[in-house]
Amino acid sequence: MNPGELYMQRCLELAAKGLGIVAPNPMVGCVIVSNGIIIGEGWHQEYGKAHAEVNAIRSVADPKMLQNACLYVNLEPCAHYGKTPPCADLIIEKGIPEVVIGTIDPFAKVHGKGIEKLEKAGIKVTTGVLEPACRELNKRFFTFQEKQRPYIILKWAETKDGFLDGLRTVESGQKALQISSPSSMELLHTWRGEESAILVGTNTALLDNPRLTARGGTGKNPLRIALDPMNRIPPTHHLKDSSTATLFFTSQSAGNSHHLEYEVISFLSETESLQLIMQSLHRRNIQSLLVEGGSRLLQSFFSADLWDEVRVFISNVTIEKGLSAPEKPVLPFHQQQSGDDELRIYRNRS
């Protein structure tokens, strides 16, 4: 890497600290360099609070040094008044002569306008430094802006011979087959804290009575979502314990209460209902969605081509007979060990 790329890589490292914290804002890091020395750093730490550029500028011990400095940032500085003033205005005010940007902001109120404002003020602007890595870091934000829906992650665990679970019924009271290793379960709870929302279908809610919270992790609980067309999930289940925000998509109206909300949609077809759900989540500023099943729900996302990433834990357990795992439509993008399991990650390139 050349020095400019190294400084941008540092921006990405700082920005990543905001994962699961700053959404629906993007993750942004900023580095200020003068005469080859980093004199200031900052990152966006909390939604609605100071942006990365502001924090980096504030961290500079001698503000006079800014007039002979280059500011590096992984996403185009904002040029509009939102919850905070425009970062582009602050950069101009401080007399910073050069700005290096990883990627242009896709948000309509910013897109290109921050760069235009800086250039009109006589600031030298360079764009596209480590752009693929900058887009990858904010894949949730870019998907939300460009596709008008959340970034969708399908997740499940399956046995070595391709089953999600044994054959069970709600009436039998049988517990789910324990497939994932402790390391994989720990990783799952970390993921939950990184995403905006988590979704299950009615059968999974009835069979497993899941909490869908980020236990043991450092992130906040995601918005819990359940598809429950006929309002079959009983009030005694964890999803209705009012402990954290929960949204039910149903075809029958029900009264909202503390932390529990019901939204009526049409369930005429699986694809149409998923599209309606994605539209609702976009209106709610939900940037990412972790889908944890069951099998039919996961397959419906594949059928509608509504997915960006798949994360599958493959265990060493074999059961020979049970509920088959969904068919993956592409080859793995990445593979790694997770305790005794193998984690396979797939990406949708369409």
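Biologist: What covers the buried residues of helix 7 (residues 182-194)?

Modeller: This is a predicted model: local features need pLDDT of at least 70, side-chain atom pairs count only at pLDDT 80 or more, and totals for chains, interfaces and linings use all residues. Residues are numbered from 1 along each chain as its sequence is written, and side-chain values use heavy atoms, without hydrogens and water. Helices (H or I, at least four residues) and strands (E, at least two) are DSSP runs numbered from the N terminus, and contact means heavy atoms within 4.5 Å. The cover includes strands 6, 8, 12, 13, 15 and 16.

Biologist: Which residues of helix 7 are buried?

Modeller: Buried means under 20% relative accessible area, exposed over 50%, and partly exposed in between (1.4 Å probe, protein chains only). In helix 7 the buried residues are S184, L188, H189, W191, R192 and G193.

Biologist: How far apart are the end C-alpha atoms of helix 1 (residues 3-15)?

Modeller: The expected span is 1.5 Å times one less than the number of residues. For the 13 residues of helix 1 that gives 18 Å, and the distance in the model agrees: 18 Å.

Biologist: What does a side-chain oxygen of N2 reach at the start of helix 1?

Modeller: A polar contact is a pair of N or O atoms within 3.5 Å; within protein, one must be able to donate a hydrogen and the other to accept it, and residues adjacent in sequence count only if both atoms are side-chain atoms. Here the oxygen comes to within 3.1 Å of the backbone nitrogen of G4.

Biologist: Which residue stands opposite V33?

Modeller: Two strands pair if DSSP finds at least two bridges between them. Strand 1 and strand 2 run antiparallel, joined by six bridges. In strand 2, the residue opposite V33 is I38.
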